[in-house]
Amino acid sequence: MTTTAPAKQHTVVDSPYGPLTLVATDGVLSALYMTDQRHRPPEETFGVPDPEPFGDVIRQLGEYFTGDRTAFDLPLNLAGTPFQRSVWAELLKIPYGETRTYGELAEELGKPGASRAVGLANGKNPVGIIVPCHRVIGASGSLTGYGGGLDRKQRLLAFESGGTGEDGVQVLF
């Protein structure tokens, strides 16, 4: 019996944070990668260029970047271990403009000693921005690790908190 490999398509869209590569597996969003992102797989694994499966994704990202959307309503095809998927499900519960620590996420998962494992799973999140791993911070409130780079994380958090950074300077995109 032969099994058919999942059909993959991708497209690249512009954003205030640089180009975003969207990947669909069997027509469902399975990845959103930024340029120079840690854990970004080789482009040849993204499938054929085809913007067709991404209409809703592109529309909702556009609404998010203009400040007209605070939550995404998209089907996702997230491939990972059961623990990773449980962490990513918790990320989806963090409201726009709010943050959680790795320890708080571990507590929510019923694994209070697993903050490092939560951090590793967070770093492997394949759908940045939409699955908001940028909303997770260190126990001291510091910005720690982000696959898309700490500058992007800081800018995303500032954008979601009303467009100002800690120094009160308006962040312009």
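This briefing walks through the sheet, the aromatic pairs, the nonpolar core and a few single residues of the structure above. Please keep in mind that the model is predicted. Four strands make up an open sheet of mixed pairing, and α1 packs on that sheet. A search of the whole structure turns up six aromatic pairs, and the largest nonpolar core holds 34 residues. UniProt, in an unreviewed entry, places an "active site" feature at C133.

**The sheet and its helix**

- Reading across the open sheet, the strand order is β3-β2-β1-β4, and the pairing is mixed.
- β3 and β4 are the edge strands, each with a single partner, so one side of each has no neighbour in the sheet.
- Packed on the sheet is α1, which touches β1, β2 (residues 20-25) and β3; the direction of α1 makes about 145° with that of β2.
- Strand β1, covering residues 8-13, pairs with β4 in the parallel sense over two bridges.
- β2 and β3 run antiparallel and are joined by six bridges.
- A24 has L29 as its bridge partner in β3.
- Although β3 stands at an edge of the sheet, β3 is mostly covered, with six of its seven residues buried.

**The turn between β2 and β3**

- β2 and β3 form a hairpin with two residues between them.
- D26 sits in the loop between these two strands and has a positive phi of about 55°, although D26 is not a glycine.
- D26 is exposed, because its relative accessible area is 54% and the cut-off for exposed is over 50%.

**Aromatic pairs**

- Y33 and F46 are one of the six aromatic pairs; their ring centres lie 5.5 Å apart with the planes at 15°, so this pair is stacked.
- The Y33–F46 pair links distant parts of the chain: Y33 belongs to strand β3 (residues 28-34), F46 to the loop between β3 and β4 (48-49), and the two are 13 residues apart.
- Both partners are covered: Y33 is buried at a relative accessible area of 9%, and F46 is buried at 2%.
- Y64 and F159 form an edge-to-face pair, with 5.5 Å from centre to centre and 70° between the planes.
- Because Y64 lies in helix α1 (residues 55-65) and F159 in helix α5 (residues 150-160), this pair ties together parts that are 95 residues apart in sequence.
- Y64 counts as buried at 0% relative accessibility, and F159 is buried too, at 12%.
- Y64 and F159 also belong to one aromatic cluster, together with Y17, F65, F72 and Y96.

**The largest nonpolar core**

- In soluble globular proteins, nonpolar side chains tend to be buried together.
- Here the largest nonpolar core has 34 residues, of which L20, L22, L32, L61, L91, I129 and I130 touch the most other members.
- Elements giving two or more residues to this core are β2, β3, α1, α2 (82-91), α3 (102-108), α4 and α5.
- The biggest share comes from α1, which gives four residues.
- I129, one of the core residues touching the most other members, lies in the loop between α4 (115-123) and β6 (136-137).
- I129 has a positive phi of about 70° without being a glycine, and I129 is buried at a relative accessible area of 0%.

- C133 is in the loop between α4 and β6, and C133 is buried, with a relative accessible area of 6%.
- I129 is found in that loop as well, between α4 and β6.
- Q84 belongs to helix α2 and has a relative accessible area of 18%; Q84 therefore counts as buried, since the cut-off is under 20%.
- Leaving aside neighbours within four places in sequence, Q84 is in contact with A121 and K124.

Methods. Residues numbered from 1 in each chain as written. Predicted model: local features only at pLDDT ≥ 70, side-chain atom pairs only at ≥ 80, totals over all residues. Heavy atoms only, no water. Phe/Tyr/Trp six-rings, centres within 6.5 Å; stacked < 30°, edge-to-face > 60°. Buried < 20%, exposed > 50% of the residue type's maximum accessible area, 1.4 Å probe, protein only. Pairing = 2+ DSSP bridges. Contact = heavy atoms within 4.5 Å. Axes fitted to C-alpha atoms, helices over the stretch in contact; angles between N-to-C directions. Core = buried A, V, L, I, M, F, W, Y, C linked by side-chain atoms within 4.5 Å. UniProt positions renumbered as here; feature names shortened; annotations may be inferred.
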